[in-house]
Amino acid sequence: MLSNIRVVLVGTSHPGNIGSTARAMKTMGLTNLYLAEPRVEPDGHSIALAAGAADILENLTRVDSLEEAIADCSLVIATSARSRTLDWPMLEPREAGEKLAQRSETGPVAIVFGRENHGLSNEELQKCHYHLTIPANPEYSSLNLAQAVQLICYETRVAQLALDESGKQVTEEEYPLSEDLERFFTHLETTLSKTGFIIKNHPGQVMVKLRRLFTKARIEAAEMNILRGILTSIDKKIVEPSQEESDK
């Protein structure tokens, strides 16, 4: 199932990092590399550092945004430093590897790595189900991109080998794909704006907190469909101000 696990690099600015990432992936049996809004393209330096993993570079997928890279994934884990301003469900590498291996048995999953200089934006991080932090030496926690990729790919491979050895069939509930979850959040925000719960000019942090709530709950596809149905029923009962005026 390792072919269902994609490594997503966002805004990569150094060709060498793309090659080193390909090498890190191939040593652990992962082959599915995505470049989201890359600032550079793989070049000769990338191929040199790939050291025999040039086939991954030849078959990588380029997309214009993180949203496009993870649209069909039911599990997305973002690498991030622990944030005091964005309290999201956190994992360590071993936990992340286990979740990626288990969920990959039912379809595509993604592990996301941010820009070399400043990582992922808060908006991008909010599109992921979990955040992952590597418990490096707090006095010197400087990992380069390929090293971070290698660590997570290793943990994922170990978890996959353990699943293979156990021979157990992992049964997972059906979770919504990333693109479906985004449609739900858009619908939720639209409905709450119509009811006046969210004030258009002063939205505050309502949607951030609601995203966090539903992300922590890890709602299943059937549950999300029920919520969408509730929102639709509310929409039908709402009378738009313009309609109200015309009815008078």
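Arg115 lies in the loop between β6 (109-113) and α6 (122-125). Helices (H or I, at least four residues) and strands (E, at least two) are DSSP runs, numbered from the N terminus. The model is predicted, so local features need pLDDT of at least 70 and side-chain atom pairs count only at pLDDT 80 or more, while totals for chains, interfaces and linings use all residues. Residues are numbered from 1 along each chain as its sequence is written, and side-chain values use heavy atoms, with hydrogens and water left out.

Arg115 has a relative accessible area of 14% and is therefore buried. Here buried means under 20% relative accessible area, exposed means over 50%, and partly exposed lies in between (1.4 Å probe, protein chains only). Contact means heavy atoms within 4.5 Å. Leaving aside neighbours within four places in sequence, Arg115 is in contact with Val10, Gly11, Glu37, Leu120, Ser121 and Glu124.

**Other loop residues**

Glu37, one of the residues in contact with Arg115, belongs to the loop between β2 and α2 (44-50). Most residues other than glycine have a negative phi. Glu37, however, has a positive phi, near 40°. Ala51, in the loop between α2 and α3 (54-58), also has a positive phi, near 50°.

Thr31 is found in the loop between α1 (15-27) and β2 (32-36). Not counting residues up to four places away in sequence, Thr31 touches Met25 and Ile56. The C-alpha atoms of Thr31 and Asn4 are separated by 9.1 Å, although the two residues are 27 residues apart along the chain.

| Residue | Relative accessible area | Class |
|---|---|---|
| Arg115 | 14% | buried |
| Glu37 | 34% | partly exposed |
| Thr31 | 44% | partly exposed |
| Ala51 | 47% | partly exposed |

**The chain as a whole**

The chain has 11 helices and seven strands. Of its 248 residues, 44% count as buried. Along its principal axes, the C-alpha trace spans about 75 × 40 × 40 Å. Among the contacts in the chain with a separation of 6 or more, 85% are accounted for by residues 24 or more positions apart.

In helix α5 (residues 93-103), the buried residues are Pro93, Ala96, Gly97, Leu100, Ala101 and Arg103. What covers them includes the strands β1 (5-10), β4 (75-79), β5 (90-91), β6 and β7 (130-132), together with helix α7 (145-166).

Two packed helices are described by the angle between their axes and the distance between the axes. Axes are lines fitted to C-alpha atoms, for helices over the stretch in contact, and angles run from 0 to 180 degrees between N-to-C directions. For α5 and α7 the angle is about 55°, and the axes are 8 Å apart. That makes α5 oblique to α7. Angles under 35 degrees count as roughly parallel, over 145 as roughly antiparallel, 65 to 115 as roughly perpendicular and the rest as oblique.

On the α5 side, the contact is made by Pro93, Arg94, Gly97, Glu98, Leu100, Ala101 and Gln102, and on the α7 side by Ile152, Glu155, Thr156, Ala159, Gln160 and Leu163. These residues divide into six nonpolar, four polar and three charged. In this division Ala, Val, Leu, Ile, Met, Phe, Trp, Tyr, Cys and Pro count as nonpolar, Asp, Glu, Lys and Arg as charged, and the others, Gly among them, as polar.

Helix α8 has 18 residues and reaches 26 Å from its first C-alpha to its last, close to the 26 Å expected at 1.5 Å a residue. The expected span is 1.5 Å times one less than the number of residues. The buried residues of α8, including Leu181, Phe184, Phe185 and Leu188, pack against α4 (66-70), α9 and α10 (221-237). Gly196, with a positive phi near 90°, follows the helix.

Helix α8 (residues 178-195) and helix α9 (residues 206-217) pack at an angle of about 135°, with their axes 11 Å apart. The two helices are therefore oblique to each other, and their crossing is right-handed. From α8, Glu182, Phe184, Phe185, Leu188, Glu189 and Leu192 make the contact, and from α9, Met207, Leu210, Arg211 and Phe214. The residues of this contact divide into seven nonpolar, no polar and three charged.

Definitions and conventions: A crossing is left-handed if the near helix is turned anticlockwise from the far one by less than a right angle, and right-handed if clockwise.
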